[in-house]
Amino acid sequence: MDSYLDDELLLEFINECREHLATIEADLLTIEEGGSDIDEELVNKVFRAAHSIKGGSSFFGLNLVKELAHKAETVLDMLRSRKIVPNAEVTNILLAAFDQLREMIERPNESESADIADLLVSLTGLASSYLPAEQKASLHQQVTLASPGGPVVLARTDFDRAVRSGQYIYVVEFDLIHDMEKKGKEILPLFNSIAGTGEILDCIVDMEAVGTLDGPVGNRIPMRLVLATILDPGLIDGLFETLEPEKIHLLLDPETSTPAPDDTSPKPTGEETAEPVQEPPPLSTKPSEPQPLRHEKDPSRVPRAALSGGDTSAVPKDETLRIHVGLLENLMNLAGELVLSRNQLRSAVAQDNRQLIGSVAQRVNQVTSELQDVIMQTRLQPIGNVFGKFPRMIRDLSRSLGKEIQLEIEGKEVALDKTLIEGLSDPLTHMVRNAVDHGIETSEARLAAGKEPGGTVRIEARHEAGQVVVDISDDGKGLDPQGLADAAVRKGLISREKAAGLSDADKRALIFLPGFSTAGQVSDLSGRGVGMDVVKTNLDRLGGQVGILSEAGKGSTFRIRLPLTLAIVPSLIFSVENERFAIPQANIEELLRLRPEEVKNRIEIVGDSEVLILRDRVLPLARFADIIGAVPTYMNPKSGAREVDRRVRLSDRRCPKHSLTDTPLPEKDAAARESYPPRSEGRRQAAASALEIAVVTTGTFSYGLVVGAFYDTEEVVVKPLGQRLKHLREYFGATILGDGSVALILDMSGLAAKAGLVSVSGSARAAALTSETEHDADAYALLLFHNGPKEACGVPLNLVQRIERISPVQVERLGNQRTMQYRGKSLPLFALSDSADVASVEDEEEPVVLVSSVNGREFGILGTMPVDVIDTRVVIDHATHRQKGIVGSAVLQGRTTFIVDPIEMISTEVFSGVAAPENARGAVTGDVATVLLAEDSDFFRSQVKKYLEEEGYSVLTAADGEEAWSLLLKHMDTVRAVVTDIEMPRLSGLELTARIRAETRTEKLPVIALTSLAGDADRDRGREAGITEYQVKLDRDSLIVSLRDHLGMVE
Amino acid sequence: MNDYQISRDGNQATICLGETLNATMVTPLQSALKQEIGAGAREIVFDFNETKYIDSTGIGLMIAAGNSLAAIEGKVRVVQVCPDILKLFQCMRLTTRLQVTAVGAEAVHG
């Protein structure tokens, strides 16, 4: 045992305090200089310092430090709320207080004996002297509430806080031994629960009743607990389940009580009310009856006017507003009930539970939709309320900075939830200040840049797709992405390597990093480097997103997207390990389902993290179960049982050994994970289950979140998190679902922070992966359709121009030929059964026509619904189901699927002659031209070969670059062009091209590269290697045209 | 470790508690504490460095020790309390009466 660890902690605390105190003197002087024009941010900074010192000292038992810090904090709070104005007197006292704090913290051993009485008196006097007369005494004032066990005396501030926040106040009387311990209730969890559901305002342990060591110990510990909580009388006994209801007394019901009257006289120390108090009945009798209140007072010292409460002008306006908000909140709960009822109704209908439907319908009748509308309108306020302060602010700022700035405001009438309006004020103010301070140039600079001398800041609000969008634009110098990246590197916020790989958008987003500031000098207005990260954090809390549009030299636009309300949020419900959660719809970009065979190719490792490859993007990936510490399980398709998923990474192929049916998994048991072998053990085998992934965005970056299963979307009623969960930044709130279960609502930014996710766009590996995805050779984009109900078919998407749903009667038969009228012409229709032994689609009810073309002639393929498009990587079996028109088969979405070749399908006598072998004759020699085709995919190779041969070319084929090079050397005299895939084993298409260019005999040979998806970066690399042209795979017509162009063939 | 150790320095007795302070520990501890007070101890320091769990009877023992010492102008101190138990003492408003701190006796008082 030793106090080493604690000494270390104490030392850490002291160091932290030193940091807090280091700049306080300068800050206080700056605040004083500002006078009534208070820099809220600076006051907040000093306030936070005092607050941190108070919190830490309390933990270490440095009670006098805590008390002094608390008093200083009170004065700073009054400064912050503009109740007192900073002047020399205020500053002097605060400086003295912080000097004393510094001294006490440096010598914690002696701090308890420090003489701080004078300072405490000064700070208290400071606070009270600036209060309105009738409020001066509130610092000392107490409130007495009647209770059966004797009056309960509370600090007036505690009481007022409970009233303002709509909390109930209870006094609970019990014996810790008899009522709790002997009934199996442990003290630690008990007090954790109590503290988690409210605030313990007081706890009086009857110390004498406990006795001394001379008597029996542990016979009784009587106590009275005064608790402020949001739990109503119907719920409070759940907290004290071992206690008889008559031991819990309601002292304050926020729904029926009015705030305390202005009987604000200071109470003589230690004196209790002499007035008789009426005992409230226990909860079991009249839980909702208003309880009488008595406020501590000494009539001899209180002026009559104050007692009568007649002088209402002294009551600050914001307090009046708070009362109204409380009423609004109650109304809002009604609206919430309505939505819950609707959810329950949906659930009941889905279950076809008529009894439940009846009861829910009755409830819905009670709380009508009209009420919800009215409530929503009541809560919505015009955003112009926030905009109102900007004209004055812009005028003052532009004068002080010597800039000419015009302000344009549009969309003042756009309505937004009141909570959002309040929360939006600070971020908007900061962003407008930034626009004025950093965005708009001086008149001279603007003239030099060829602009008007006066700049414009524009604030615009509008509704867009169910959200409110607020743009803060300026026509200033814009954000220089490289300048921002350099600044971030200089400040050590990111590495130079990472900065080099960032896109311009990512570089601009660097200004949201904590500690980022590009201002050469700290200005009075902004640029302290703590601004934009706070803006982003605040907007995150509001469920909003902020993005940047900027062009160097032309200006910037900061775009804020906010939900209309925070009370009801459209959300997607998903589950993980039998618990359900909600993701706000606004954060969802798309949903993915990766089949087991796709996992390996779509999930890769960058650094030590997993990433999701989504088309041409590489996104960080997190498994939600890991973030919340749940033991992951999956459904074994073979056994149908849930088994522990021991994959370390999602891309692992690992055979789980532990079936949940064999070994029941202790649910919600943190130790469960340890009771199973580590996931890093075991041999690699085929993955057994698909992955459900939500691609979500925080506004500045996106990531993939692996969940268990997706459910429906619901408009969820957001309930605030309780005390015990409030510190969890990964959750935005909670809601009650239609079936009555509770679901936590995710905060996507907080979740990303908790998971340690960062954008991977800057890493070389991610760039390589992006590059790979752009020209991956084995990816197939297939359009899936059905021939008959049981015959799934796929056709390369590139070969389909359009999909038309038709009625069976549209199909006309003329002789042996099927046609339909299509865009004023007759479109020949073909069915797979025309060329292969498969079911007929003639009589199917939901026919579709896949419109394709060959040599400029359009034709249609008859199929049936459903139709789907997939990107996949599969091995095509060219043998088992090979027939005319069917090049092979593959297992797609769990079904054997025919891979259809439309060209082969239609090349019957009916549609013959489309190919023109003469086209492939050389213009000069008249010889048939030979094309060397290099392609490692059997499917693509056979398809392209066929096109070329139908065009009259002689085709040499190779399965990789090396083989192609050998063939080329062998047939150098006849090969006129090379058509090559890029990604191939042994020798890639780019390497093959490089060899061709390096050899004088072949350097002029046209090389056409085939790719599934050609990105710009891909094309650039190809050009560097000497690729003549890129063509998309299976775009037959373009490939033919390209070959003709490069070979100078005759038409 | 579920036991306790007592050390003595002048009129200060320090009880280093084990992981748990519950009803089963109370009877032997009560005797030991009485013995220390009888031998002249006027300050009893409960060292919670190892202690992760306390029950209601354990709280009762500490209050009883405080009451016994208060009667003879002595005092109880509780040091090195882990955050969970410290929070409990704070909730019960016992931190001042039992002089409860998270740090060691040496850290604050030398």
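Which residue forms a salt bridge with Arg102(A)? Before I come to that pair, let me say how this model is to be read. This is a predicted model, in which local features need pLDDT of at least 70 and side-chain atom pairs count only at pLDDT 80 or more, while totals for chains, interfaces and linings use all residues. Residues are numbered from 1 along each chain as its sequence is written, chains are lettered from A and ligands numbered from 1 in the order in which they are written, and side-chain values use heavy atoms, with hydrogens and water left out.

Now to the opening question. The partner of Arg102(A) is Asp99(A), and the closest N and O atoms of the two are 3.0 Å apart; a salt bridge here is a side-chain nitrogen of Lys or Arg within 4 Å of a carboxyl oxygen of Asp or Glu. Both residues lie in helix H5 of chain A, 3 residues apart, which is about one turn of the helix; helices are DSSP runs of H or I with at least four residues, strands are runs of E with at least two, and both are numbered from the N terminus. Arg102(A) is partly exposed at a relative accessible area of 30%, and Asp99(A) is partly exposed as well, at 38%, where buried means under 20%, exposed over 50% and partly exposed in between, with a 1.4 Å probe and protein chains only.

Helix H5, which covers residues 88-106, also holds Thr91(A). This threonine counts as buried at 2% relative accessibility, and its side chain is joined to that of Glu32(A) by a polar contact of 3.3 Å. A polar contact is a pair of N or O atoms within 3.5 Å; within protein, one must be able to donate a hydrogen and the other to accept it, and residues adjacent in sequence count only if both atoms are side-chain atoms. If we set aside neighbours within four places in sequence, Thr91(A) is in contact, meaning heavy atoms within 4.5 Å, with Leu28(A), Leu29(A) and Glu32(A).

Let me return to salt bridges, of which the count over all chains comes to 32. In one of them, Lys754(A) pairs with Glu730(A), with the closest N and O atoms 3.3 Å apart. Lys754(A) lies in helix H27 (residues 748-755) and Glu730(A) in the loop between strand E25 (709-717) and strand E26 (731-736), so the pair ties together parts of chain A that are 24 residues apart in sequence. Lys754(A) is partly exposed at 46% relative accessibility, whereas Glu730(A) is buried at 6%.

There is also a network of salt bridges, which links Glu408(A), Glu410(A), Arg458(A), Glu460(A), Arg462(A), Asp471(A) and Arg559(A).

Next, a loop residue. Thr700(A) sits between strand E23 (691-697) and strand E24 (702-707) of chain A, and is partly exposed, with a relative accessible area of 24%. Its C-alpha atom is 6.5 Å from that of Ala509(A), although the two are 191 residues apart in sequence. Not counting residues up to four places away in sequence, Thr700(A) touches Ala509(A), Phe512(A), Lys536(A) and Val546(A).

Turning to chain B, we find 4 helices and 6 strands, which follow the pattern β-β-β-α-β-β-α-β-α-α along the sequence. Of its 110 residues, 60% are buried. Among the contacts in chain B with a separation of 6 or more, 63% are between residues 24 or more positions apart.

The size of an interface is often given as the accessible area lost when the parts come together. Chain A and chain B bury about 3,600 Å² between them, 62% of it on carbon and sulfur atoms, and buried area is the accessible area (1.4 Å probe) that two parts lose on being put together, summed over both. Across this interface the rule finds 0 salt bridges, but 10 residue pairs in polar contact, both residues being at pLDDT 80 or more.
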